[in-house]
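Subject: Structure handover

Hello,

Here is the structure I promised you. Please open it beside this email and follow along.

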Amino acid sequence: MRFRSNPSKPRKRWGVFESLEDRRVLATEGELVTIERALDTSGLSGNLSGVISWNDGTTSAAQIVSQPSAGPLKIRFDYSLDTSGFFAIQARRDVLQLAADILITKFADSLTAISPGGVNQWTANFQNPATGQMVSLSNLNIAANELVVYVGARTLSGSNLALSSIGGYSASGTQTFLDTVKARGQVGALAANPTDFGPWGGSIAFQSTANWHFGNTTTGLETTEKDFLSTALHELCHILGFGTSSSWATYLSGTQFTGSNSKAAYDLGGNIPLDSIRVHWAEGTADSGRETLMDPNLASGVRKPLTRLDLAALQDIGWTLIDPTAVVRGSRTFADNGSFDVDVQIVGARSGTGGWSENLKVFNALPVLASISNFNVVANTPLVIPRLGQFTDLGYDNPLSSPATQERFTYQIEWGDGSTSQSGNATIEAMGKAGTPTSGFFAGSYVYTTPGTYTATARISDDDGGSASRSFTVTVQASPQLTLSVSKNVIDENSGKKASLLTIRRTSGSPIPLTVNLSSSDTTELRLPQSVVIAANSNEAQVDLEAIDDTLLDGNVLVTITASATGFANGTTQVTVADVEQISGTLSQATIAENAGTSALSWTLTRSTTDQSVPLVLQLSSSDTSELVLPTTVTINAGSSSVVVPINVQDDNILDGTIQVILSAAAVGYRGSTQVVSVLDVETLQFTVDRAQLEEKSPLDTVKATVQLSFAAPVGGYAIQLAPSRSEQLQVPASILIPEGSKSFEFEIAPLDDYAVEGTTDLRLVGSGSGVSSATVDLTILDNDLPLWQNPADRWDVDNNRFVNAVDALVIINNLNRLGNRYLRPGTDSPSPPYIDTNGDGVVNAIDALILINELNRRARP
């Protein structure tokens with residue numbers, strides 16, 4: 001089929017841009033707006049990308065939500081007949097292959113391979129592209145999903161730019177093989193009225209003398225050039241059966257094409273008009289406002305891409321079209337309102353451009369004014385509110401727009417009392433951006449002259465006529481009063497810097513701070529700050545009152561405190577400053593024994609006043625004169641600050657423990673002094689015996705002992721515990737009780753005869769009682785016991801057989817095992833053999849056996 005040159009047509013550069021119905025998108029400034037379309041990519045090849053120009057000075061990348069798919073088919077070009085070398089330049093082959101890929105990848109058909117062999121033979125017949133003569137080639141092997149197109153160039157007659165020839169054939173063999181050569185597995189191509197087409201390929205001859213543009217893009221496409229890519233696409237559509245296949249003829253009705261897919265894609269609806277030879281669309285047939293690829297002519301300087309209508313025709317004749325639409329999306333936040341003509345440009349990675357334009361109407365966003373608190377103010381006092389109105393607005397400055405746009409705001413305040421409104425420019429605190437609103441504020445100030453309650457209104461307006469308002473209440477009070485109160489109205493003059501807390505109050509809070517002046521009627525007694533500030537929106541403040549100790553004996557003083565402030569009535573209160581003159585005392589010691597004696601303790605008394613021109617008489621007392629005695633009065637002489645008072649300590653000879661005695665000193669106009677003295681009880685215990693040397697004998701050698709107290713025994717008597725240092729050698733009672741009112745007690749003691757051979761022994765007898773020191777007496781015990789159980793002839797001969805051996809030790813051990821350790825006593829233990837007391841101490845124990853064993857060991861050594 002021919003594709004003719006049409007030099008008389010106006011020059012156009014075709015891109016795939018949709019001419020859709022008006023779809024005006026509505027949006028608000030500062031809010032994200034999204035546009036989205038399903039774009040026809042019939043004229044594009046490869047992965048899509050794009051740029052959106054928002055017409056506000058900004059662009060952004062288009063989001064390709066779904067890329068169009070590519071089918072499995074491919075076209076293999078055979079250059080073996082290109083005898084003129086037209087395609088010797090690789091760039092020409094690349095553009096030809098690009099045209100094939102743009103077209104063939106849009107279909108999902110599955111073509112069966114042609115594989116001759118055995119009885120299956122075939123011959124391909126087609127027009128030689130270099131000569132125009134028919135060529136026959138036997139038993140070509142054509143792979144599955146492959147079409148083979150022979151290409152070349154020669155001088156073509158007339159205005160023809162190219163001529164394509166569908167491949168013919170002759171074949172023999174099995175029916176299956178014959179069907180494969182004819183239909184390539186497309187069942188509809190075998191029907192009596194074919195609905196499908198499955199060619200093996202064909203040939204294309206290009207005009208060798210044409211001024212071609214061999215570019216992948218239209219860059220450099222001159223008005224005198226013919227676009228090779230458009231021409232190749234056109235001829236390849238004929239190879240695929242457009243205007244040439246039996247299935248094309250199925251849908252011919254006179255000079256119209258009736259395929260259902262084509263009719264659905266046709267802008268005007270109904271059948272599509274064809275050219276006179278019924279192999280092209282009629283001259284000028286358009287799809288969505290652009291000229292179709294498959295009308296019969298191509299103007300110079302023009303690239304014609306595939307259109308949806310071109311592809312619909314191929315779909316009608318049996319090719320399985322992959323949906324050529326891609327979803328394209330873009331989002332933008334507009335800084336300001338307006339009408340924006342948005343341009344979307346989409347580019348195929350391999351070839352083709354497309355896109356669309358649409359208008360976005362962006363409305364002004366109204367400012368938002370935050371709620372405003374109510375206020376209280378005193379008449380004739382300024383009401384100053386630094387941030388009365390705080391607002392936000394979704395709009396913001398856009399310096400990239402042409403001209404640049406700005407967001408500016410004005411405010412107006414109606415104070416509600418009929419006065420002239422207050423207005424001005426609001427302050428922008430933070431200019432917004434996408435996702436963050438512009439924020440700002442405005443202040444307000446006013447003086448109400450009449451008490452009452454007023455409804456005020458604040459309004460914020462943007463520069464596009466949008467506004468927001470808020471009402472608030474202002475309560476205006478009459479002239480205020482200052483009032484004073486103290487935490488303590490009577491304080492001691494020595495209370496220091498925080499003697500009392502003064503609270504200054506105004507009748508109500510105000511948004512304006514208030515400075516209050518303070519004064520004291522007697523700063524020698526009471527001081528306070530000269531002024532204090534009651535904070536804005538507060539109705540009170542507090543200060544500390546400082547008491548001043550003048551060290552003068554001047555009695556209590558009534559001090560008046562006054563508070564004053566402009567526009568306020570004065571407030572007063574009174575505080576009594578109590579005179580605190582002190583008598584202080586210092587003891588020579590705080591603890592003393594009751595037997596310390598006369599003047600053993602002294603007490604220094606001092607007056608605190610600096611005025612010492614007159615003497616001061618002090619009244620003295622003791623809480624227990626049986627312990628401490630002091631004068632009833634004493635005088636601090638004129639010119640002196642202190643006096644020393646002697647104190648006598650009394651020994652009451654009573655068992656009464658430590659006594660806490662309180663000493664007191666007082667004087668008229670002074671605070672007295674009290675101090676505590678601990679008087680230690682000192683009582684004694686004495687212990688005597690008639691004779692200190694005693695003898696162990698029978699009968700017992702009894703001696704009389706006497707206990708003497710320094711005090712009379714109290715009610716119930718006084719118990720004394722007795723403890724000898726060796727209780728086994730002295731017979732003595734464990735305790736004695738001295739009768740009530742008595743100071744002494746006699747009792748008997750005697751040594752015990754333990755029959756142990758000890759010689760002379762010293763021991764101590766200790767007597768102790770509650771509240772007194774213990775007493776002791778030392779005794780000597782004379783011992784006349786003999787070693788009756790030791791062999792007088794040989795102490796080692798225990799069994800008295802005149803031999804010393806292990807049997808002697810065994811006798812002692814058996815005796816211990818039977819009777820245990822013990823003192824040996826006449827009558828109980830016989831003094832005749834065995835002689836078990838080898839060491840002669842009157843006691844039998846393991847030592848007696850041990851020393852005998854040691855003696856045996858000694859004798860056994862050489």
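Two residues are in contact when heavy atoms of theirs lie within 4.5 Å. Keep that in mind for the next paragraph. Note also that this is a predicted model.

**A strand residue and its contacts**

Start with V617. This residue lies in strand β47, which covers residues 616–622. V617 is then in contact with T633, V634, T635, A666 and A667. Now look at V668. V617 and V668 are 51 residues apart along the chain, yet their C-alpha atoms are separated by 8.4 Å. Is V617 buried, partly exposed or exposed? Its relative accessible area is 44%, so V617 counts as partly exposed.

**Two helices**

Next, find helix α1, residues 90–104, and helix α3, residues 228–239. In general, two packed helices are described by the angle between their axes and the distance between the axes. Here the angle is about 50°, and the axes are 9 Å apart. That angle makes α1 oblique to α3. The crossing of α1 and α3 is right-handed.

Which residues make the contact? From α1 come R92, V95, L96, L98, A99, A100, I102 and L103. From α3 come F228, L229, A232, L233, L236 and C237. Sorted by class, the contact has 13 nonpolar residues, no polar residues and one charged residue.

**Two sheets**

Strands of a sheet pair through backbone hydrogen bonds, either parallel or antiparallel. Look at two open sheets with that in mind.

Now zoom in on one pair. Strand β56, residues 718–724, runs antiparallel to β58, with four bridges between them. A719 stands opposite L737 of β58.

The other sheet has three strands, in the order β4-β23-β7. Here the pairing is antiparallel. β4 (32–40) and β7 (63–64) are the edge strands, each pairing on one side only. How many bridges join β7 to β23? There are two, and β23 spans residues 325–333. I64 has V328 of β23 as its bridge partner.

Last, look at some loops. The peptide bond from S402 to P403 is cis, with omega near 0°. P403 sits in the loop between β28 (382–393) and β29 (409–414).

Two asparagines also deserve a look. N139 is not a glycine, but its phi is positive, at about 50°. N139 is in the loop between β10 (134–138) and β11 (146–154). Its relative accessibility is 26%, so N139 counts as partly exposed.

N537 has a positive phi too, near 65°, and is likewise a residue other than glycine. Find N537 in the loop between β40 (531–534) and β41 (538–547). Is N537 buried or exposed? At 59% relative accessibility, N537 counts as exposed.

That is the tour. Go through it once with the model open.

Best wishes

Conventions: Residues numbered from 1 in each chain as written. Predicted model: local features only at pLDDT ≥ 70, side-chain atom pairs only at ≥ 80, totals over all residues. Heavy atoms only, no water. Pairing = 2+ DSSP bridges. Buried < 20%, exposed > 50% of the residue type's maximum accessible area, 1.4 Å probe, protein only. Axes fitted to C-alpha atoms, helices over the stretch in contact; angles between N-to-C directions. Parallel < 35°, antiparallel > 145°, perpendicular 65-115°, else oblique. Left-handed = near helix turned anticlockwise from the far one by under 90°. Nonpolar A, V, L, I, M, F, W, Y, C, P; charged D, E, K, R; others polar. Lists of a residue's contacts leave out its neighbours within four places in sequence.
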